[in-house]
Amino acid sequence: MANVVVVGAQWGDEGKGKIVDWLSERADVIARFQGGHNAGHTLVIDGKVFKLSLLPSGIVRGGKLSVIGNGVVLDPWHLLEEIAKLRGQGVEITPENLMIAENTPLILPIHGELDRAREAQASVAKIGTTGRGIGPAYEDKVGRRSIRVADLADAATLELRVDRALVHHDALRRGLGMEPIDRDALLASLRAVAPAVLEYAAPVWKVLNEARRAGKRILFEGAQGALLDIDFGTYPFVTSSNVIAGQAATGTGIGPGAIDFVLGIVKAYTTRVGEGPFPAELKDDVGQRLGERGHEFGTVTGRKRRCGWFDAVLVRQTCATSGVNGIALTKLDVLDGFETLKICVGYDIDGEKLDHLPTAADRQARCVPIYEELPGWSESTEGARSWAELPANAIKYVRRVEELIGCPVALLSTSPEREDTILVTDPFAD
């Protein structure tokens, strides 16, 4: 059976939640492979709204196994809060339908404190983090001083891990003028949360490989977007993990040969939250209109998103780095009523024409978009479930997007409702 990876192909907020939910009904296992609780998914099911930021989107579907892979950094207190909130909405969550990789690193309160202290430094350019400790937690992972889920099961190991982390963090805190860490309080809080977290701990790599051999369909779910990838994003204004499709393998412990289809989620225009370059950004009435029509506010932070025209250069680039087989184009209905639409087809840097985003930050900041204009449409596309229901100019817009990014549209989303989706290519087809 086919296994599918879903990745955001822009700066996040592309509508992954709906698409993953749409696909999860046909999957047996839904695996989250990177990020933390800094990225959110909003699902609308039968008029009921579910807001997720750490749990895989498949958790709201009965009869599915949801797993959190080792590529994620896990805030155990937030995990339990999110579980309690969903249970309050009638969602059943047990160790039978939720598993957490034993080698998943934990986000501790000290990570959030460090994150926020760094962002508050007036002398340092802001990255625009959510302040939830995701970056410092990944730093500890690669620095080999993380406390991982499995460590919660043994008191002696937990103390050793905490002591190793404190040697590093207390030195950092002194430099930032922060109070030293209360070791006993930290250990007490970890011991208190341990039983509830360990209930879900499992060798996820083994579970997924067995599921694959049994012919189960696995849906790999990423957070954020490929332009926030630590290697291929707009560095340093990026997240602290790899976001592109290859991370699905290393972030869960399943080989890359298990991936059969990569679906890139792409918004019909472009948005970004936080700092960093954004060549096609619109700071005028058009950008304001896109934001209002698209309800562009972050699921987790509530921050207003920056808006701009569709940037084909960026999406073509992310389709290449993630090996995207097809895209799911979302929020087409937001473009309804525009007399003229624009698509960024290249950049101009001091007279030099480029067909890709340069790596150097100073050159990224100097990119001026080169636009191609297309006629808009006055008819509504909202709720369309077939090509026949779309205006001719809307179809022309979609086809032009396909040409410019070099990748076909597999799904087309025309509203937040999961059924308002036009299927062109089935990612799960064998």
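A: Start with a definition: helices (H or I, at least four residues) and strands (E, at least two) are DSSP runs, numbered from the N terminus. Just after helix H7, Gly215 has a positive phi of about 80 degrees.

Q: Okay. What sort of model is it?
A: It is a predicted model, where local features need pLDDT of at least 70, side-chain atom pairs count only at pLDDT 80 or more, and totals for chains, interfaces and linings use all residues. Residues are numbered from 1 along each chain as its sequence is written, and side-chain values use heavy atoms, with hydrogens and water left out.

Q: How many helices and strands does the chain have?
A: There are 12 helices and 18 strands. The radius of gyration is 22 Å, close to the 22 Å that the globule rule gives for 430 residues, so the chain is as compact as a globular protein of that length. That radius is taken over C-alpha atoms, and the rule is 2.2 Å times the number of residues to the power 0.38.

Q: What does the C-alpha trace span along its principal axes?
A: About 65 × 55 × 40 Å.

Q: And what share of the residues is buried?
A: Buried residues make up 56% of the 430. Buried means under 20% relative accessible area, exposed over 50%, partly exposed in between (1.4 Å probe, protein chains only).

Q: Back to H7. Which of its residues are buried?
A: H7 covers residues 204-213, and its buried residues are Val204, Val207, Leu208, Asn209 and Ala211.

Q: What covers them?
A: The cover includes strands S2, S5, S6, S7 and S8.

Q: Now the sheet. What's the strand order?
A: It is an open sheet of 10 strands with mixed pairing, in the order S7-S6-S5-S2-S8-S1-S9-S13-S17-S18. S7 (201-202) and S18 (421-423) stand at the edges, each with a single partner strand, so one side of each has no neighbour in the sheet. Two strands pair if DSSP finds at least two bridges between them.

Q: What holds paired strands together, in general?
A: Strands of a sheet pair through backbone hydrogen bonds, either parallel or antiparallel.

Q: Do S1 and S9 run parallel or antiparallel?
A: Parallel, over five bridges. S1 is residues 4-8 and S9 is residues 261-267. Val7 stands opposite Gly264 in S9.

Q: How many residues of S17 are buried?
A: Five of its five, so to speak: S17 (residues 409-413) is mostly covered.

Q: Which bridges does it make?
A: Three bridges join S13 (residues 326-330) to S17, and that pair runs parallel. Leu329 has Leu412 in S17 as its bridge partner. Three bridges also join S17 to S18, but this pair runs antiparallel. There, Leu411 stands opposite Leu423 in S18.

Q: New topic. Where is Thr381?
A: Thr381 lies in the loop between strand S16 (368-375) and helix H12 (392-405).

Q: Is Thr381 buried or exposed?
A: Thr381 is buried, with a relative accessible area of 0%.

Q: Which residues is it in contact with?
A: Leaving aside neighbours within four places in sequence, Thr381 is in contact with Leu332, Asp333, Asp336, Leu390, Pro391, Ala394 and Thr414. Contact means heavy atoms within 4.5 Å.

Q: Last one. Where is Lys51?
A: Lys51 is in strand S4 (residues 48-52). At 43% relative accessibility, Lys51 counts as partly exposed.
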